[in-house]
Structure formats: C-alpha cells, structure tokens
Amino acid sequence: MGVDGTWRRSCILVDASATGAKLEVEGSTEPLKAQEFFLVLSSTGLAFRRCELIWVDGSHVGVQFVAPKTKGKPNAEKRLGG
C-alpha cells in the first residue's frame, strides 16, 4: 500500500528475512517505483512493514525494510563518550 494510501497491490510473500523480502506483485509494479510503501501483513492492517524498493524483475520485486527513526534520548554509549 502506498505511504499516502492512494494505491495498493495484492502480492505474495516469496521470501523474507529480518531486513527485507522478495514479493510477487499482482498487476502493475509501476506504483512501487514511488520507492517507499507499506507491506501490509494482516487483513486488519495491524501488522505491516515500511519498505524501500531495491529491485524489480518482471512481477517480482525486492524490498528492504525501513527501520523506524528513533526519537528521544541518545543511547548511553554516546552520552558516556564511548
């Protein structure tokens, strides 16, 4: 699903790791060229990953999961100068 919610495509999760996935996309892969989108993993939308498009080969695409940006306090190592 597009980050802005304006488009969605059905897909099959072909392979996945902790850092990314290979998807088989139904229909045009053109909207995916927006570079970032959500991979919705449940019918309710409660399980999802933000993805960045890495490659396209026909109906197959490779994505890298985008880590959430952390806000707040710097970690202890940085505070201690280590």
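A residue counts as buried when its relative accessible area is under 20%, as exposed when that area is over 50%, and as partly exposed in between, with a 1.4 Å probe and only protein chains considered. The model shown is predicted, so local features need a pLDDT of at least 70 and side-chain atom pairs count only at pLDDT 80 or more, whereas totals for chains, interfaces and linings use all residues. Residues are numbered from 1 along each chain as its sequence is written, and side-chain values use heavy atoms, with hydrogens and water left out.

View 1. Of the 82 residues in the protein, 22% count as buried. The exposed surface comes to about 6100 Å², of which carbon and sulfur atoms supply 52%; accessible areas come from the Shrake-Rupley method with a 1.4 Å probe, and for residues only the protein chains shown count as cover.

**View 2. Strand 5 pairs with strand 2 and with strand 4.** Two strands pair if DSSP finds at least two bridges between them. Strand 2 (residues 20-25) runs antiparallel to strand 5 (residues 60-65), and five bridges join them; within this pairing, glutamate 24 has histidine 60 as its bridge partner in strand 5. Strand 4 (residues 48-57) is also antiparallel to strand 5, to which six bridges join it, and here tryptophan 55 has glycine 62 as its bridge partner. Strand 4 and strand 5 form a hairpin with two residues between them, and glycine 58 in the turn has a positive phi of about 65°.

**View 3. Threonine 29 lies in the loop between strand 2 and strand 3.** With a relative accessible area of 11%, threonine 29 is buried. When its neighbours within four places in sequence are left aside, threonine 29 is in contact (heavy atoms within 4.5 Å) with Val56, Gly58, Ser59 and Val61.

**View 4. Two aromatic pairs are found in a search of the whole structure.** Tryptophan 7 and phenylalanine 37 form a tilted pair, at 6.1 Å centre to centre and with 55° between the planes. Because tryptophan 7 lies in the segment before strand 1 (11-16) and phenylalanine 37 in strand 3 (residues 36-40), this pair ties together parts that are 30 residues apart in sequence. Tryptophan 7 is buried at a relative accessible area of 15%, and phenylalanine 37 is buried at 3%. The rings of phenylalanine 38 and phenylalanine 48 have centres 5.4 Å apart and planes at 90°, so this pair is edge-to-face. Rings of Phe, Tyr and Trp (its six-membered ring) pair if their centres lie within 6.5 Å, and planes under 30 degrees apart count as stacked, over 60 as edge-to-face and the rest as tilted. Phenylalanine 38 is buried, with 18% relative accessibility, whereas phenylalanine 48, at 40%, counts as partly exposed.

**View 5. The largest pocket holds about 310 Å³ of space.** A pocket is an open set of points on a 1 Å grid over the protein atoms alone, where a 1.4 Å probe fits, with protein on both sides within 12 Å along at least five of seven lines, and lining residues have an atom within 4 Å of a point. The lining of the largest pocket has 17 residues, of which Met1, Arg8, Arg9, Phe38 and Val40 lie nearest its centre.

Technical notes: Helices (H or I, at least four residues) and strands (E, at least two) are DSSP runs, numbered from the N terminus. Grid points are joined across faces, edges and corners, and a volume is the space filled by probe spheres set on the points.
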